[in-house]
Amino acid sequence: MIKISGLTFDYPGHRALHQVSLHVEAGSVTALVGSNGAGKTTLMRCIAGLETPLSGSISVAGLDVLEQPREVHRIMGYLSDFYGLYQELTVARCFEYAAAAQGLPAPAMPQAIQTTARQLGLTERLQQTCDKLSRGLRQRVAIGQAIIHAPKLLLLDEPASGLDPEARASLAGLFRQLQAQGMTLLVSSHILAELDEYSSHMLALRDGKVLEYRALDHGSTALAPRKSLRITLAQANPGLQAQLAAEPALQISASDERSADVVFSGDEHAQAALLARLIGGGLAISSFTDQKENLQQSYLRSVASYENGQSGQNGQHTPSNGRSAS
Ligand code: ATP
């Protein structure tokens with residue numbers, strides 16, 4: 001959906017993006033993460049055709065963003081980190097305005113407005129003016145404006161900032177729903193636990209460079225060949241390590257007499273058989289859990305490996321495990 005090659009962007013006196021290359025898969029939800037000033041907003045603005053890079057190319061669904069910005073905007077929605085709404089317009093008029101700006105033909109507008117309002121739970125609010133809406137509802141109107149033309153790609157810069165936990169949860173539900181409809185999403189946020197709920201990929205930026213772009217491990221499918229497990233015993237057993245070491249499908253990462261972290265290779269049936277053998281062997285197992293790496297751990301691992309690379313390789317680094325990034 002998004003292909004970026006050798007993208008470099010300079011603000012006066014400051015290089016904000018350095019040689020960013022990236023392929024974002026259609027239908028994915030990518031969490032764009034990175035510390036303050038990493039370049040997230042700049043990257044989104046470049047993809048949205050709102051900034052002209054110093055060098056490099058960006059295409060969206062095969063369209064060149066610099067050469068065909070209008071065509072790209074027809075298939076893209078963008079919610080900036082600081083957006084404005086016309087306070088005195090009703091929600092319906094805000095949607096109509098956005099639909100007109102996106103070039104939707106007039107006969108298609110009523111349907112688009114109704115569909116968007118339904119998706120965002122705003123049907124009852126269509127005749128209310130924006131100045132009467134809570135922050136969460138205003139955020140929904142802004143997202144509605146970004147998706148009124150049913151874009152293929154949606155860019156959201158900090159969409160949940162300032163929202164309460166309930167509003168964040170319903171936003172996560174909306175993003176899952178949009179993905180299920182086939183939309184590709186790129187979402188930036190500093191709240192990684194929240195991104196973790198709906199993201200399929202992580203794009204980590206640091207100092208304007210791609211640290212890592214990869215599919216997130218959303219854990220245990222029946223076919224997952226390797227997974228990290230934590231085994232905990234109800235009481236200490238000096239034989240734990242020896243018993244685990246005798247299992248050919250296990251690799252022990254850490255263990256003591258009470259617990260062990262292991263990497264297991266095998267499907268769910270093999271995992272069930274392993275558990276039965278360990279219990280049969282006399283281990284009082286109180287928990288046997290899949291240790292899925294969450295987005296926060298994944299991001300911190302990327303940063304740590306970047307920093308180790310920086311100190312070890314005099315500033316050179318290669319993104320670890322990157323799919324199509326450099
Ligand atoms: P945050 O998480 O704080 O929103 P970000 O990752 O979105 O940060 P950007 O806003 O893209 O980062 O900024 C990248 C770098 O470019 C930062 O060092 C920032 O100070 C700098 N920068 C951003 N806008 C400008 C500007 N208009 N002029 C000069 N430098 C800028």
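Modeller: In this predicted model, α5 (135-147) and helix α6 (residues 165-180) pack at an angle of about 10°, with their axes 12 Å apart. Helices here are DSSP runs of H or I with at least four residues, strands are runs of E with at least two, and both are numbered from the N terminus. Axes are lines fitted to C-alpha atoms over the stretch in contact, and angles run from 0 to 180 degrees between N-to-C directions. α5 is therefore roughly parallel to α6, a term for angles under 35 degrees. The crossing of α5 past α6 is right-handed, meaning that the near helix is turned clockwise from the far one by less than a right angle. On the α5 side, Arg140, Ile143 and Ile147 make the contact (heavy atoms within 4.5 Å), and α6 supplies Ser170, Leu171, Leu174, Phe175 and Leu178. By class, this contact has 6 nonpolar, 1 polar and 1 charged residues.

α5 also gives two or more residues to the lining of the largest pocket, as do α2 (69-74), β6 (76-79) and α3 (91-101). β6 has the largest share, 4 residues. The lining has 22 residues, and Tyr78, Ala98, Ala101, Gln102 and Gln145 lie nearest the pocket's centre. They divide into 13 nonpolar, 7 polar and 2 charged.

Residues are numbered from 1 along each chain as its sequence is written. Local features need pLDDT of at least 70, side-chain atom pairs count only at pLDDT 80 or more, totals for chains, interfaces and linings use all residues, and side-chain values use heavy atoms, without hydrogens and water.

Definitions and conventions
On a 1 Å grid over the protein atoms alone, a cavity is a set of points where a 1.4 Å probe fits but cannot get out, and a pocket is an open set with protein on both sides within 12 Å along at least five of seven lines; lining residues have an atom within 4 Å of a point. Ala, Val, Leu, Ile, Met, Phe, Trp, Tyr, Cys and Pro count as nonpolar, Asp, Glu, Lys and Arg as charged, and the others, Gly among them, as polar. Angles under 35 degrees count as roughly parallel, over 145 as roughly antiparallel, 65 to 115 as roughly perpendicular and the rest as oblique.
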